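Me: I've got a model open and want a quick walk through it. Can you take my questions as they come?

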Amino acid sequence: MDLLGLTIGLPFAPIRALIRIGELIQEQAELEMRHPAAVRRRLEELEEARLSGEISEEEEARATAEILEQMVVQPDLSGADAPERSGEGE
């Protein structure tokens with residue numbers, strides 16, 4: 001069975017490796033996008049765009065909500081469950 005599995009699976013090894021590399025790149029990009037400094041920078045860019053008149057207050061609010069929603073909705077890539085925030089500060 002091992003020899004047969006190796007013989008059949010060996011031609012697909014480069015494809016599996018390429019898929020894994022793609023997954024690692026995606027994970028790293030998501031981690032960088034969720035990094036607090038990156039989020040702050042994106043929010044500051046939005047504020048600067050609003051102050052310079054490039055976007056309206058509604059567009060800024062919508063974009064801010066999207067950025068913050070990405071922080072909350074996306075799963076934690078480390079595999080650990082995110083702590084629940086309900087009930088804090090009450």
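Me: Leaving aside neighbours within four places in sequence, which residues is E60 in contact with?

Reply: E60 is in contact with L46, E47, R50 and I55. Contact means heavy atoms within 4.5 Å.

Me: What am I looking at, and how are residues numbered?

Reply: This is a predicted model, where local features need pLDDT of at least 70, side-chain atom pairs count only at pLDDT 80 or more, and totals for chains, interfaces and linings use all residues. Residues are numbered from 1 along each chain as its sequence is written, and side-chain values use heavy atoms, with hydrogens and water left out.

Me: Back to E60. Buried or exposed?

Reply: Buried, at a relative accessible area of 14%. The cut-offs are under 20% relative accessible area for buried, over 50% for exposed, and partly exposed in between, with a 1.4 Å probe and protein chains only.

Me: Which helix holds E60?

Reply: E60 lies in α4, residues 57-73. Helices are DSSP runs of H or I with at least four residues, strands are runs of E with at least two, and numbering starts from the N terminus.

Me: How many helices and strands in the protein?

Reply: Four helices and zero strands. Along the sequence the pattern reads α-α-α-α.

Me: And how much of the protein is buried?

Reply: Buried residues make up 8% of the 90 residues.

Me: What about α3, how long is that helix?

Reply: Helix α3 covers residues 36-51, so to speak 16 residues. From first C-alpha to last it reaches 22 Å, close to the 22 Å expected at 1.5 Å a residue. That expected span is 1.5 Å times one less than the number of residues.

Me: Which α3 residues are buried?

Reply: A38, V39, L46 and A49. Seen down the axis of α3, these buried residues fall within an arc of 105 degrees, so they line one face of the helix. The arc is taken over directions from the helix axis to the C-beta atoms.

Me: Why would residues three or four places apart point the same way?

Reply: An α-helix has 3.6 residues a turn, so residues at that spacing point the same way.

Me: What sits on the face of α3 turned away from the buried side?

Reply: The exposed residues P36, R40, E48 and L51. P36 has 58% relative accessibility. Its C-alpha is 9.2 Å from that of M71, 35 residues apart in sequence.

Me: And just after α3?

Reply: G53 takes a positive phi of about 90 degrees there.

Me: How do α2 and α3 cross?

Reply: The axes of α2 (residues 13-34) and α3 come within 5 Å and cross at roughly 60 degrees. The two helices are therefore oblique to each other. Under 35 degrees is roughly parallel, over 145 roughly antiparallel, 65 to 115 roughly perpendicular, and the rest oblique. Axes are lines fitted to C-alpha atoms, for helices over the stretch in contact, with angles from 0 to 180 degrees between N-to-C directions.

Me: Which residues make that contact?

Reply: E32, M33 and R34 of α2, with P36, A38, V39 and R42 of α3.

Me: Last one: where is L68?

Reply: L68 is in α4. It is partly exposed, at 41% relative accessibility. The C-alpha atoms of L68 and V39 are separated by 8.2 Å, 29 residues apart along the chain.
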